[in-house]
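This report goes through selected side-chain and helix contacts of one model.

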Amino acid sequence: MIEKLQAPVPGNERLRRLATYASVSVAAVLIVAKLAAYFFTDSVAMLSSLLDSTVDLMASAVTVFGVASALRPPDREHRFGHGKAEPLAALAQAAFITGSSVLLGYEALSRFYHPHAIGNENFGYGVMALAIVLSIGLINFQHYVTRRTGSMAIGADKLHYIGDVAVNAAVVAAFALHAWTGIEWLDPLFAILIAGGLTVSAYRIAIKALNVLMDRELPDADREKIMSIARMQPQVRGVHDLRTRTDGERIFIEFHLELDGNMSLKTAHQIDEAIMGDILKVFPNADVLVHQDPAGLSEERLDEQIEVRAARK
């Protein structure tokens, strides 16, 4: 059995830490600005944006912890590393977003029965402009970091701030429509729409995190690509029991390689090394583990067990 491990990418750890610190800083600034704006405007749509930024701060704090934990190297108790700390952080973020959506929906519904007029719209416009500019700047930085590092927690955090831009734009629209029409129930209506959008974002984050935590296989196209690379070597008689998973950043690939039983160990090792090198060219963030089997060996295989279970359903 031969394993080839991913080499750490220089600079990635620093980028991930910077992204988490930037997220916390932006959230803290926006909470202060939106709290002041809420007191001045008494708008439930502004309250929705304030709650969203408060949740962002809590979620970003969780992200800081999750990323810091994930960056820790493997140890005796965690020989696969600590990468799943990031999807756990993303799951916590989804819970925060869901809770804030429920609270916001409750407040918005109460405003339908007890409507309030919005005041000091100009102050609200200024705060929303600040929020949109800061959020877009942070999103661009987070997008760069996730493309470089594949960080799930930072990707989930980026989704928060993409939602924030939509939330802030909705608050601006609520202010503008209220000033134009004077209809007070438009404010809570926008708040309810925002709450719904936040709930959808929470669902998407949770599903992605759960897929990682439950060791969901890579897409079929990626699995077939791995199998094709392994079969390209002319000495390979077969490939079976391919298993894949990801911890949000790294991909773990494991399969059995069928070779001539009379082949020398040195030759078999060279073939394995060539195959793993080709796989790492396509999946550079992978840890690859290959088990060698003599061709024609009769054994109980995972592939066959899965097919039998699927046929029984």
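Asp 278 has a relative accessibility of 25% and counts as partly exposed (buried means under 20% relative accessible area, exposed over 50%, partly exposed in between, with a 1.4 Å probe and protein chains only). Its side chain meets that of Lys 281 in a salt bridge, 3.8 Å from N to O (a side-chain nitrogen of Lys or Arg within 4 Å of a carboxyl oxygen of Asp or Glu). Lys 281, at 68% relative accessibility, is exposed. Helices (H or I, at least four residues) and strands (E, at least two) are DSSP runs, numbered from the N terminus.

## Basis of the model

The model is predicted: local features need pLDDT of at least 70, side-chain atom pairs count only at pLDDT 80 or more, and totals for chains, interfaces and linings use all residues. Residues are numbered from 1 along each chain as its sequence is written, and side-chain values use heavy atoms, with hydrogens and water left out.

## Packing of α7 on α8

Helix α7 (residues 220-231) and helix α8 (residues 265-282) have axes that come within 9 Å and cross at roughly 145 degrees. Here axes are lines fitted to C-alpha atoms, for helices over the stretch in contact, and angles run from 0 to 180 degrees between N-to-C directions.

On α7 the contact is made by Lys 225, Ile 226, Ile 229 and Ala 230, and on α8 by Ile 275, Asp 278, Ile 279 and Val 282 (contact means heavy atoms within 4.5 Å). Six of these residues are nonpolar, none is polar and two are charged. In this division Ala, Val, Leu, Ile, Met, Phe, Trp, Tyr, Cys and Pro count as nonpolar, Asp, Glu, Lys and Arg as charged, and the others, Gly among them, as polar.

## Salt bridges involving strand β2

The structure holds six salt bridges. One of them joins the side chains of Asp 215 and Arg 245, at 4.0 Å from N to O. This pair links distant parts of the chain, 30 residues apart: Asp 215 is in the loop between α6 (186-213) and α7, and Arg 245 is in strand β2 (residues 238-246). Asp 215 is partly exposed at 34% relative accessibility, whereas Arg 245 is buried at 17%.

Another salt bridge is formed by Glu 254 and Arg 243, whose closest N and O atoms are 3.1 Å apart. Glu 254 lies in strand β3 (residues 251-259) and Arg 243 in strand β2, so the pair ties together parts 11 residues apart in sequence. Glu 254 is partly exposed, with a relative accessible area of 24%, and Arg 243 is partly exposed at 41%.

## Two buried lysines

Lys 34 sits in helix α1 (residues 12-41) and is buried, with a relative accessible area of 0%. Apart from neighbours within four places in sequence, Lys 34 is in contact with Met 46, Ser 49, Leu 50, Ser 53, Val 127, Met 128, Ala 131 and Asn 168.

Lys 158, in helix α5 (residues 152-181), is buried at a relative accessible area of 17%. Residues up to four places away in sequence aside, Lys 158 touches Ile 139, Gln 142, His 143 and Thr 146. With the side chain of His 143, the side chain of Lys 158 makes a polar contact at 3.3 Å. A polar contact is a pair of N or O atoms within 3.5 Å; within protein, one must be able to donate a hydrogen and the other to accept it, and residues adjacent in sequence count only if both atoms are side-chain atoms.
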